[in-house]
Amino acid sequence: MVEDITKISIKNTDHSRLSSVDWDNLPFGKVFSDHMFTMNYANGQWENPEIVPYGNIDMSPATSVLHYGQSCFEGMKAHKNDKGEILLFRVNENIERLNISAERMCMPEIPKELFVEALKTLLELDRDWVPSIEGYSLYIRPFIIATDPYVGIRPSETYKFIIFTCPVGSYYSSSVPVKIETEYSRAVQGGTGFAKAAGNYAAALYPAKLGQDNGYTQLIWTDAKEHKYIEEAGTMNIIFRIGDKLISPKSGDTILNGITKRSVLDIARSWGYQVEERKVTVEEIIKSFENGSIQEAFGAGTAATIASINCIHYNDQDYFLPEPSEDFFSTKVLSFLNDYKKGLIEDKFNWLIRV
Ligand code: PLP
Ligand code: COI
């Protein structure tokens, strides 16, 4: 008999940790909801989908993901509307992107219906963990890891897919100074830059730390070949407002195809802004500071939503931008996106799914 893999077994926690959450001091990504979804892959198929109390996973020290990083992940957020219903934002696109990452990392795809079912069941069970407080949301972290206990190099034959969630407040509390990186690279043509592969983030830690030691919160990555073209800002896509145009590097092999960026640019187009997604040179950004045409620069990503940039460092020089005011595009689009995700405005782009 073929097992119905969409049948999710549920083991409830016998002691919820919800009442111990200190909402006024909630660090990003360190407080976890009561339950998690897990499912294993073996013999060519996903099996044993279950929701269990959030907790540690048991693995052999030889587990291949620990050595070779065969792993990928996603990040999305859930909000509540004023009726207390849970809303998911463009979640199908995260599922598609996880499967694009999985293919590149030689891992099995997650069937879309199963992913959605797993997520909805998990969120329904932990619905009290989805904050309705202004400025808070539930961050959702799905990921796949290779679980063969094998020290040789080859794609694993077994995997684990897990979804856990954490209530979060804001990722950055104020606008950030960034540095244009011209020595290290995040991604190369033919590499894994377009995937949310764990190793991309590990490789970025050292250059990012060097930047932080000099006072720059994030790096603006440039192309690995010439360091001439802007790629993205740390774990966010980057958007500039120069004159009346919004300009952003076009996603491709070396740039993650961000869902927040796409949303921001779709909103901008619908507001009548001219939008250019294309190659953006470091030179034109520096020129735009020199001739005063640059108005705003900001990062766009799920965790941060919009992070305003107040300073860009390049070639031993700091180029400053004003703090965003009410009439800045980034301020308006952030407030629009926040309201949109909470169902406070019409879902005219068809981006929301009700749990
Ligand atoms: N670029 C990188 C490297 C990221 O890790 C992220 C975060 O997910 C983004 C861009 C923004 O993508 P999204 O808006 O889909 O979260
Ligand atoms: C996200 O914005 O979801 C990310 O993946 C950034 C993260 C690494 C915290």
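Student: How much area is buried between domain 1 and domain 2?

Tutor: Some ground rules come before the answer. This is a predicted model, in which local features need pLDDT of at least 70 and side-chain atom pairs count only at pLDDT 80 or more, while totals for chains, interfaces and linings use all residues. Residues are numbered from 1 along each chain as its sequence is written, chains are lettered from A and ligands numbered from 1 in the order in which they are written, and side-chain values use heavy atoms, leaving out hydrogens and water.

Tutor: Buried area is the accessible area (1.4 Å probe) that two parts lose on being put together, summed over both. Between domain 1 and domain 2 it is about 1500 Å², and carbon and sulfur atoms give 60% of that. On the domain 1 side, F73, R97 and R104 supply 39% of the area buried against domain 2, more than any other three residues.

Student: How many residues of each domain are in contact?

Tutor: Contact means heavy atoms within 4.5 Å. By that rule, 18 residues of domain 1 touch 19 residues of domain 2.

Student: How many salt bridges cross the interface of domain 1 and domain 2?

Tutor: A salt bridge is a side-chain nitrogen of Lys or Arg within 4 Å of a carboxyl oxygen of Asp or Glu. The rule finds one across this interface. As an example of a salt bridge, the side chains of E93 and R262 meet at 2.5 Å, N to O.

Student: Which element gives the most to the side of domain 1 that touches domain 2?

Tutor: Helices (H or I, at least four residues) and strands (E, at least two) are DSSP runs, numbered from the N terminus. Helix α2 (91–104) is among the elements that give two or more residues to that side, together with β4 and β5. The most comes from α2, with six residues.

Student: Which strands pair with β7?

Tutor: Two strands pair if DSSP finds at least two bridges between them. Strand β4 (residues 71–73) pairs with β7 in the antiparallel sense over three bridges, and F73 stands opposite F143 in β7. Strand β5 (residues 76–80) is also antiparallel to β7, over three bridges, with K77 opposite Y139. Strand β8 (residues 159–168) pairs with β7 over ten bridges, again antiparallel; there I140 stands opposite T165.

Student: Is β7 largely buried or exposed?

Tutor: Buried means under 20% relative accessible area, exposed over 50%, and partly exposed in between (1.4 Å probe, protein chains only). Nine of the ten residues of β7 (residues 137–146) are buried, so the strand is largely enclosed by the rest of the structure.
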